[in-house]
Amino acid sequence: MAKILEVKNLVTGYRGKDGFIKAVDGVSFDIEKGETVCIVGESGSGKSVTSMSIMRLVEYENGQILDGEIIFNGEDLTTKNAEQMRKIRGSKVSMIFQEPLTALNPVFTVGKQISESILFHQKMTKQEALIKAEELLSLVGLSEPKTRLKQYPHELSGGMRQRVMIAMALATNPELLIADEPTTALDVTIEAQILELLRKLREQNDMSIMLITHDIGVAVEMSHRIIIMYAGKVMEISETSDIIRKPYHPYTKALLESVPTMDGERGTELKSIKGSIPSLNQLPKGCRFAPRCPLATEQCHSQEPPLVAKDNRQVACWHVDKFINQADTEQGREGDYVE
Ligand SMILES: Nc1ncnc2c1ncn2[C@@H]1O[C@H](COP(=O)(O)OP(=O)(O)O)[C@@H](O)[C@H]1O
Ligand SMILES: [Mg+2]
């Protein structure tokens with residue numbers, strides 16, 4: 001399969017009030033053409049920094065890509081200058097964010113904002129751009145698109161604003177759409193609608209999607225493959241069907257156990273695993289997950305496990321074999337995950 005994106009050993013750092021931190025520390029993964037890949041992890045895992053690095057937006061907020069390559073369609077984005085990136089951003093790669101209100105300009109109408117972004121990348125008249133904007137609004141399922149064009153962002157609901165953002169992102173037929181927690185600010189019904197829209201658009205437009213979410217339940221529904229991140233590192237990369245059947249990393253297992261159950265009980269914190277993600281200027285010496293891991297041994301506390309290939313996946317855990325066997329027994333007992 002052809003790859004649309006290859007991220008190789010990405011390291012992104014920030015100089016902040018607490019000193020220098022690496023928010024993303026040696027992250028590698030790829031996305032195939034037409035594939036949806038989800039990046040999952042608790043808040044502070046480096047998911048947004050990964051996407052902002054790909055878009056080369058970290059430079060605009062004190063960040064710096066320190067190492068690695070970001071190969072998009074065969075070209076390394078880390079070598080592009082600001083002008084080249086402006087052309088790539090919003091045309092071949094587009095991004096949508098969690099809170100569309102902050103990404104939309106409050107003083108311009110929806111129509112003006114969409115048509116301006118079309119005109120930035122494509123040669124056409126203002127009138128033609130407005131017609132295209134109207135088509136895009138109906139494509140993303142907004143009723144009365146003509147009326148919407150004349151409205152300001154604050155006149156729309158959260159779900160409608162996210163649809164407007166998606167319309168803007170699609171204006172130039174991107175090959176890769178990066179969606180960073182696009183439904184986190186929305187209620188569950190609207191969330192389901194937006195996810196369904198993304199699924200439909202991916203199929204129709206043959207795009208790849210990199211979807212970022214802290215909710216592994218959303219990832220399971222949406223993706224072909226899942227990347228689990230924790231404190232700036234990749235913990236596991238796996239086909240979605242494999243991850244549901246059997247998580248290979250204890251952190252993945254903890255995330256899956258926090259998914260709402262059939263009876264609607266929603267885990268607010270990671271069931272069975274206490275504590276929280278370490279702060280990046282006080283990282284543990286060994287595995288970053290070790291302080292919260294039920295399997296952690298001396299080795300885990302002293303040495304960082306590398307990400308290694310295991311079956312059809314990649315996993316960073318010293319005890320992966322032991323854990324797989326243990327998980328097997330437990331699952332056998334519960335009668336879950338039986339093929
Ligand atoms: N603009 C910034 N300045 C300094 N540190 C930042 C900045 N953005 C992110 N970070 C650091 O990177 C960490 C990971 O952030 P982020 O990628 O936003 O996590 P998430 O997985 O929740 O999207 C944060 O906890 C913070 O320490
Ligand atoms: Mg984020």
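Is K3 buried, partly exposed or exposed? Select K3 to find out. K3 is partly exposed, with a relative accessible area of 34%. Keep in mind throughout that this is a predicted model.

**Stop 1**

**Stop 2: a pair in helix α2**

Move to helix α2, residues 82-88. Show the side chains of E83 and R86. These two form a salt bridge, and their closest N and O atoms are 3.1 Å apart. E83 and R86 are about one helical turn from each other, because they are three residues apart in α2. In an α-helix, residues three or four places apart point the same way, because there are 3.6 residues a turn.

Now colour by accessibility. E83 counts as partly exposed at 40% relative accessibility. R86 is partly exposed too, with a relative accessible area of 37%.

**Stop 3**

Go on to helix α8, residues 188-205. Select E196 and R199. Here the closest N and O atoms of the salt bridge are 3.0 Å apart. Both residues lie in α8, three residues apart, about one turn of the helix. R199 counts as partly exposed at 25% relative accessibility. E196, at 42%, also counts as partly exposed.

Next, select K3, D30, E35 and R225 together. Salt bridges that share partners join these four into one network. How many salt bridges does a search of the whole structure find? It finds 18.

**Stop 3: where α4 meets α5**

Helix α4 covers residues 110-121, and helix α5 covers residues 126-139. Their axes come within 8 Å and cross at roughly 110°. α4 is therefore roughly perpendicular to α5, since angles of 65 to 115 degrees count that way.

Then select the residues in contact. On the α4 side they are V110, G111, I114, S115, I118 and L119. On the α5 side they are K126, A129, L130, K132, A133, L136 and L137. Colour this contact by residue class. Nine of its residues are nonpolar, two are polar and two are charged.

**Stop 4: where α5 meets α7**

The crossing of α5 past α7 is right-handed.

Which residues make the contact? From α5, select L136, L137 and L139. From α7, select V164, A167 and L170. The class colours give six nonpolar residues, no polar and no charged. L136 and L137 are worth a label: they belong to the contact with α4, and they also belong to the contact with α7.

**Stop 5: helix α11**

Finish at helix α11, residues 250-257. How many of its eight residues are buried? Seven are, so the helix is mostly covered, with buried meaning under 20% relative accessible area. Select P250, Y251, T252, K253, A254, L255 and L256 to see the buried residues. K253 is one of them, whereas K3, where the tour began, is partly exposed.

Note on methods. Residues are numbered from 1 along each chain as its sequence is written. Chains are lettered from A and ligands numbered from 1 in the order in which they are written. This is a predicted model: local features need pLDDT of at least 70, side-chain atom pairs count only at pLDDT 80 or more; totals for chains, interfaces and linings use all residues. Side-chain values use heavy atoms; hydrogens and water are left out. Axes are lines fitted to C-alpha atoms, for helices over the stretch in contact, and angles run from 0 to 180 degrees between N-to-C directions. Helices (H or I, at least four residues) and strands (E, at least two) are DSSP runs, numbered from the N terminus. Angles under 35 degrees count as roughly parallel, over 145 as roughly antiparallel, 65 to 115 as roughly perpendicular and the rest as oblique. Contact means heavy atoms within 4.5 Å. Ala, Val, Leu, Ile, Met, Phe, Trp, Tyr, Cys and Pro count as nonpolar, Asp, Glu, Lys and Arg as charged, and the others, Gly among them, as polar. Buried means under 20% relative accessible area, exposed over 50%, partly exposed in between (1.4 Å probe, protein chains only). A crossing is left-handed if the near helix is turned anticlockwise from the far one by less than a right angle, and right-handed if clockwise.
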